[in-house]
Amino acid sequence: MTLSLPRSGIRPTTALLWLIRALPAVALAVLVQQVLAIDSDRRLALAAEAPDIVGSAALFTLAATMAVTPLVTLTGWRGHIPLRRDLGLWTVALGTVEVAVSVLTASTGWLDAVAGTAFLAAGTAAVVLAVPLALTSYPAAQRFLGRQWKVLHRLAHGVVLLVIAHVAFLGLDQIILVTVLFGPSYLLRIPVVRRRVVALRRERSTR
Ligand code: HEM
């Protein structure tokens, strides 16, 4: 008798792999439980500290994600391309932590915590927009979506715009920081600049 695997549906090994992948979320669940248990003074301190740490990390991973393709233009090297997905996933994970901290430490309800001000709404919208990109960042989704994949992933620029709007509310320092972090990448994306840089690079390498 031969044992045949089902052709459709989720295979047991796939389900097991996803279970193992999701296991670290238990640590987050424990953290959430701890946050809910702390007194209001410490909760206020967490609300003040966490967004600065996690937000900065999310900003840097997003900038690094968006720098991957321009770096190919600049150097011709492609070995770092897999980092694009990893760094993008980090941005979504860190952004989600910002949402969670905001909701868990809120004193006026979850809606205020995610959209009570234009500043918060822009941050939340950035995370929400980034989620479908994270979910479809895998080769299987890329194959499934075909040409539509590229169109969908242009939304990454919308995420960048929303993040810039979010941090711009914090003042000139942050505006300068995002200009430095994203400016060169976007300059290298301008077709005429990209073509010139590639041509110069090829010219130098054939000399
Ligand atoms: C990918 C999405 C996000 C990015 C890249 C991001 C980035 C940042 C950055 C760079 C800062 C400033 C850190 C500093 O002071 O050095 C910040 C602050 C902050 N963010 Fe976000 N953020 C995101 C999403 C969110 C979300 C979803 C929320 C809440 C719903 C949020 C709430 C805050 C708060 C409360 C602060 C502190 C503001 C203050 O210091 O007055 N962020 N964020």
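Entry 1: I began with residues 1-6, where pLDDT stays under 50 and where the model has 1 contact beyond four places in sequence. I am working from a predicted model, and I note for myself that where pLDDT is low, the predicted coordinates should not be read in detail. I then looked up the confidence of the protein as a whole, and found a mean pLDDT of 90, with 96% of the residues reaching 70 or more.

**Entry 2: overall build.** I went through the secondary structure next and recorded 11 helices and 0 strands, so that my note of the order, read from the N terminus on, is simply α-α-α-α-α-α-α-α-α-α-α. For the dimensions I took the box that the C-alpha atoms fill along the principal axes, which comes to roughly 70 × 65 × 25 Å. Of the 207 residues in the protein, 16% are buried. I also checked the contacts between residues at least 6 apart in sequence, and 65% of these join residues at least 24 apart.

**Entry 3: around the ligand.** Which residues come nearest to the ligand? Among the 22 residues around the ligand, I listed P51, G55, A58, G95 and G123 as the ones that come nearest. The elements that give two or more residues to this shell are helix 3 (40-75), helix 4 (83-104), helix 6 (118-135) and helix 9 (155-168), and helix 3 gives the most, with 7 residues. Sorting the shell by class, I wrote down 12 nonpolar, 8 polar and 2 charged residues.

**Entry 4: the largest nonpolar core.** I then turned to the largest nonpolar core, which has 20 residues, and noted that L59, L62, A63, A126, A130, V159 and V163 touch the most other members. Helix 3, helix 4, helix 6 and helix 9 each give two or more residues to this core, and the largest share, 7 residues, comes from helix 3. I followed V163 individually and, leaving aside residues up to four places away in sequence, found that V163 touches L59, L62 and A126.

Definitions and conventions:
Residues numbered from 1 in each chain as written. Predicted model: local features only at pLDDT ≥ 70, side-chain atom pairs only at ≥ 80, totals over all residues. Near = placed C-beta within 6 Å. Helix = DSSP H or I, 4+ residues; strand = E, 2+ residues; numbered from the N terminus. Nonpolar A, V, L, I, M, F, W, Y, C, P; charged D, E, K, R; others polar. Core = buried A, V, L, I, M, F, W, Y, C linked by C-beta atoms within 7 Å. Buried ≥ 20, exposed ≤ 12 C-beta atoms within 10 Å, placed from the backbone. Contact = placed C-beta atoms within 7 Å. pLDDT = per-residue confidence, 0-100.
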